[in-house]
Amino acid sequence: MGTPKKTVSRRKFIKKSSLLSSVPVIAAGLPASSLANVQDANEFLRLGWIGVGGRGTSLLDRALRSVSVSTLKVNAICDIDPKARARGIRMCGAMKPAGIHDYKELLARKDIDAVFVATPIYLHPEHAVAVLESGKHCYCEKPLGPTPEGVKKVYDAVKKSGKKFQIGFQWRYHSGFLGFVDQLQGGAVGKTSFINSARHVGGYPEKEGSWYMDRKLSGDLIVEQAVHEMNVFCWALDAHPLRAAGFGGINALEGRPKGRSMMDSYGVTYEFPGNIRLNYTHVIYAASGFGGLYMTVFGDAGKALELEGTVNLSVTKDGKKTKVDLPPLKDSTELAIQSFARSIREDKEPLANVDAGRHATLMSLLGRTAIHEKRVVEWKEVAL
């Protein structure tokens with residue numbers, strides 16, 4: 001392939017990824033006129049948390065990192081696990097948020113403007129809809145839900161509420177994926193014809209009885225995990241797939257843990273508008289040295305765009321590979337949270353909005369249906 005050259009010009013990439021700059025996007029001192037959607041706007045954007053397990057705790061940690069330069073305040077922590085709830089309260093220190101067992105009690109409070117939902121996937125529709133119907137803004141972890149019906153409930157609630165809604169697609173705020181999308185949409189490979197992508201990792205069995213291992217609750221591996229990649233594909237191609245076909249199941253991890261119904265490997269092919277086909281494979285028992293995440297886009301003869309991992313981006317033309325220069329990498333989850341706060345304060349649509357959440361979740365569900373039912377499935381079958 002040849003020795004990589006220096007760097008491809010960033011062109012309009014820096015402009016598009018200005019959210020990666022060092023200027024705090026939830027800094028104090030914004031004019032009161034820009035805070036019209038926030039109660040008690042001159043002081044704090046007041047937050048509530050529903051779910052402080054593994055992911056919820058991580059989100060809370062990222063929000064708290066920005067407290068010294070922001071007007072964020074956590075007023076309530078809700079979790080049915082008293083230990084998790086207590087841990088979340090301790091993390092907030094002097095803020096001393098209320099500890100709540102029932103999420104409905106949290107939503108009834110008048111001192112909360114926005115709520116973060118980080119509960120198990122099968123509860124996302126119930127909790128996100130309740131947040132929006134309570135008149136509060138909502139940041140909901142991915143995906144929108146494990147079924148087409150759940151996706152529709154959240155989508156309809158967002159459109160009806162008029163509140164800001166952001167899905168937990170932190171890759172939309174990641175310099176590597178921003179660069180990937182910019183290069184593809186900027187014509188780096190000409191006309192896209194085929195995409196080959198994979199996530200091959202070494203997985204470890206979850207504990208027995210975990211909701212994560214139950215494909216009805218988690219949505220299965222393609223929904224729980226690969227929805228991140230599906231988001232990037234829909235975003236980069238500015239479209240959703242038309243149909244899908246694939247195969248998958250459990251082989252290497254059969255019975256680990258006991259009762260497992262989540263797949264451990266699968267392959268799925270999607271067809272997009274413009275006669276574009278996308279092949280994606282996912283394995284969670286890859287041997288050491290054979291794993292990794294990558295996306296390769298084939299365009300006009302001799303051109304390709306490749307993202308290896310999350311930051312190694314390159315363009316190949318006529319056999320010569322050229323590395324793409326990216327802005328310094330920052331914590332994408334923290335940037336996503338900051339962007340959510342900014343969307344509320346400035347009354348702007350989030351980059352990872354409900355439309356992005358709908359397309360990516362339904363793309364995962366489209367592939368899941370094709371795999372489970374061993375047939376070609378059309379978009380209209382899942383897009384309720």
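Visitor: How many aromatic pairs does the count come to?
Guide: The count is ten aromatic pairs (Phe, Tyr and Trp rings, six-membered for Trp, with centres within 6.5 Å; planes under 30 degrees apart are stacked, over 60 edge-to-face, the rest tilted). This is a predicted model, where local features need pLDDT of at least 70 and side-chain atom pairs 80 or more, while totals for chains, interfaces and linings use all residues. Residues are numbered from 1 along each chain as its sequence is written, and side-chain values use heavy atoms, without hydrogens and water.

Visitor: Take F116 and F340. What's the angle between the planes?
Guide: The planes of F116 and F340 are at 85°, which makes the pair edge-to-face, and the centres lie 5.5 Å apart.

Visitor: F116 and F340, buried or exposed?
Guide: F116 is buried, and F340 is buried as well (under 20% relative accessible area; exposed is over 50%, partly exposed in between; 1.4 Å probe, protein chains only).

Visitor: Which residues do ring pairs link into a cluster with F116?
Guide: W49, Y139 and F340 are linked with F116 into a cluster by ring pairs.

Visitor: How many of the residues of β2 are buried, then?
Guide: Six of six, so to speak: β2 is mostly covered.

Visitor: Switching to the sheet. What order do the strands have?
Guide: The order is β4-β3-β2-β5-β6-β7, an open sheet of six strands with parallel pairing (at least two DSSP bridges between two strands). β4 (98-100) and β7 (165-167) are the edges with a single partner strand each, so one side of each has no neighbour in the sheet.

Visitor: What does β2 pair with, and over how many bridges?
Guide: β2 (residues 45-50) pairs with β5 (residues 114-117) over four bridges, in the parallel sense. On that side L47 stands opposite A114 in β5. With β3 (residues 72-78), β2 pairs over six bridges, again parallel.

Visitor: And what stands opposite G48?
Guide: A76 in β3 stands opposite G48.

Note on methods. Helix = DSSP H or I, 4+ residues; strand = E, 2+ residues; numbered from the N terminus.
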